[in-house]
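Please view the sequence and the structure together while reading.

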Amino acid sequence: MQRILLTTLLMLLLHVAAAEARKTKDTFPDGTPVDEWFRHDEPVTLDRLGEVWRLTDHGVQNDSTIVQTAAIQHVIDQAAASGQTAVVVVPRGTFVSGALQLRPHVNLWIEEGGMLRGSTDISDFPIVSTRIEGQTCAYFSALINADGIDSLTIAGHGIIDGNGLPYWRAFWLRRQWNPQCTNKDEQRPRLLYISHCSNVNISGLTLQNSPFWTTHLYRSHHVRLRDLRILSPASPVKAPSTDAVDIDACHDIHISRCYMAVNDDAVALKGGKGPYADTDENNGPNERIIIEDCEYGFCHSCLTCGSEAIRCRNIILRRIRVGKATRLLWLKMRPDTPQQYEHIAVEDITGDVTHFLYIRPWTQFFDLQGRTDMPLSTAHDIAMRRCDLHCQHYLNIEPSEQYRLSDFTLEDLRIRAEHADAAQPDIERLVSRNVHVEQATSSDTYLDTNEAGDVTPAR
């Protein structure tokens with residue numbers, strides 16, 4: 001018995017030592033060390049966020065039938081003027097608002113049972129100079145906006161609800177009238193927009209029913225998103241373009257322990273679009289992004305590079321459980337934009353997807369803007385390892401003269417595919433090691449998408 005106990009203890013110590021060794025050796029796909037910042041995991045508690053400013057203690061009514069944008073903004077501004085670090089608390093109940101602007105030294109906390117809900121009147125969201133779909137332009141404010149803030153927490157155990165249903169219905173009505181209408185043609189606010197910020201922590205909340213993108217990060221760094229539920233429906237009314245997280249020209253972003261089920265891409269890497277996007281100072285690369293220990297419900301893609309992106313480097317998606325995603329990794333290759341996707345690792349994934357790896361030209365609203373040559377894009381040093389998945393298609397890769405694919409590694413994969421896609425993909429230096437692709441029969445209804453952002457059962 002003593003020997004068994006000693007053996008068990010030794011095995012436990014070896015397991016702990018191995019886990020610690022993996023941590024110390026953790027690197028990005030290009031071999032550079034993962035910064036210690038990514039390993040910090042301190043819980044967020046209300047008592048650490050500053051002086052409490054509860055909405056209902058400062059003139060805001062607990063009444064879900066009225067829009068109280070000015071009253072809520074007044075509390076935020078008063079807290080900022082106090083000269084102390086403060087936290088504005090949304091208590092139990094439903095509080096409806098238009099666009100709110102957070103201030104330096106003011107955090108936001110939504111209590112359990114509390115909801116901050118967006119107005120359904122687009123005039124409650126002023127038009128400002130902002131960032132949308134890879135361009136800097138005039139567009140509507142989000143429900144919650146933060147710009148130029150260092151050290152910001154948006155947390156709690158409550159809900160931020162975009163009240164998106166009327167906006168979704170209006171979008172599909174406009175699309176029915178004009179099938180070529182763009183996302184910007186129908187006026188819709190985002191849920192959260194974080195720009196030019198650093199040291200941001202968004203945690204614990206449910207973010208749901210956004211009229212447009214749910215969480216949009218632009219030119220920000222050292223942003224954590226953890227323990228979030230990010231939701232939008234595919235039925236009975238589809239929530240168009242309600243990406244869970246859009247990362248736009250950012251670096252050092254950590255997404256962990258989140259559940260994402262949205263009617264578009266779960267995590268989409270943006271950064272700019274157009275034939276001269278790489279020369280526009282408003283655009284930029286996405287670098288050092290880790291998405292780990294998350295769970296996905298339905299979505300168009302677990303991780304997407306594009307459609308508005310110029311460079312994505314050192315991206316990790318790992319230890320993910322996928323419930324029902326259309327694509328695991330999607331590289332959108334725009335023929336009107338110079339793109340470079342490099343050093344991307346997808347590791348330790350289980351579950352169900354329609355497409356394991358999906359690479360095709362993305363031609364929606366194609367516009368060379370008078371440029372006579374077509375920019376050449378590249379995707380290289382892409383690794384997909386230790387995945388155990390059921391899917392319809394293993395490799396769905398379309399060759400094209402507009403892009404070059406090279407240095408892909410597929411390793412330690414167990415794939416049960418209804419279509420094994422036996423044709424050799426057009427990839428230079430493709431390494432395939434310990435890959436088992438088994439023939440599977442159709443047993444599920446998958447979701448598939450078209451370029452209009454619609455969702456239909458795959459045939």
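Are Arg334 and Asp336 buried or exposed? Both Arg334 and Asp336 are buried, and a salt bridge joins the two, with the closest N and O atoms 2.9 Å apart. The model is predicted; the mean pLDDT of the chain is 90.

**Confidence in the model**

- Of the residues in the chain, 90% reach a pLDDT of 70 or more.
- Residues 3-23 stay under 50 in pLDDT, and the model gives this stretch 1 contact beyond four places in sequence.
- Residues 444-459 also have a pLDDT below 50, but this stretch has 49 contacts beyond near neighbours in sequence.

**Nonpolar cores**

- In soluble globular proteins, nonpolar side chains tend to be buried together.
- The largest nonpolar core here comprises 103 residues, and those with the most contacts inside it are Ile154, Ile255, Met260, Tyr296 and Phe356.
- Strand β25 (residues 311-333) supplies the largest share of this core, namely 10 residues.
- Another core, of 6 residues, lies apart from the largest one; Val34, Phe38, Ile290 and Ile316 are among its members.
- Leaving aside residues up to four places away in sequence, Tyr296 touches several residues, including Tyr259, Met260, Val267, Ile291, Cys302 and Leu317.

**Salt bridges**

- The structure contains 32 salt bridges.
- Arg174 and Glu186 form one of them, with the closest N and O atoms 2.8 Å apart.
- Arg174 belongs to helix α3 (residues 165-177) and Glu186 to the loop between α3 and β12 (192-195), so this pair ties together parts that are 12 residues apart in sequence.
- Arg313 and Glu342 meet through their side chains in another salt bridge, at 3.3 Å from N to O.
- Because Arg313 lies in strand β25 and Glu342 in strand β26 (residues 340-361), the pair ties together parts that are 29 residues apart in sequence.
- Arg313 and Glu342 are both buried.
- A network of salt bridges links Glu347, Asp348, Arg385, Arg386, Glu411 and Arg433.

- Strand β15 (residues 215-218) pairs with β18 in the parallel sense over 4 bridges, and Thr215 stands opposite Val245.
- Strand β21 (residues 265-270) also pairs with β18 in the parallel sense over 4 bridges, with Ala268 as the bridge partner of Asp246.

**Aromatic residues**

- The structure has 9 aromatic pairs.
- The rings of Tyr139 and Phe212 have centres 6.2 Å apart and planes at 65°, so this pair is edge-to-face.
- Tyr139, in strand β8 (residues 135-140), and Phe212, in the loop between β14 (206-208) and β15, are 73 residues apart, and their pair links distant parts of the chain.
- Tyr139 is buried, with a relative accessible area of 3%, and Phe212 is buried at 0%.
- The ring centres of Phe212 and Trp213 are 5.6 Å apart and the planes are at 45°, so this pair is tilted.
- One aromatic cluster is formed by Tyr139, Phe140, Phe212 and Trp213.

How values were computed
Residues numbered from 1 in each chain as written. Predicted model: local features only at pLDDT ≥ 70, side-chain atom pairs only at ≥ 80, totals over all residues. Heavy atoms only, no water. Core = buried A, V, L, I, M, F, W, Y, C linked by side-chain atoms within 4.5 Å. Buried < 20%, exposed > 50% of the residue type's maximum accessible area, 1.4 Å probe, protein only. Helix = DSSP H or I, 4+ residues; strand = E, 2+ residues; numbered from the N terminus. Contact = heavy atoms within 4.5 Å. Salt bridge = Lys/Arg side-chain N within 4 Å of Asp/Glu carboxyl O. pLDDT = per-residue confidence, 0-100. Pairing = 2+ DSSP bridges. Phe/Tyr/Trp six-rings, centres within 6.5 Å; stacked < 30°, edge-to-face > 60°.
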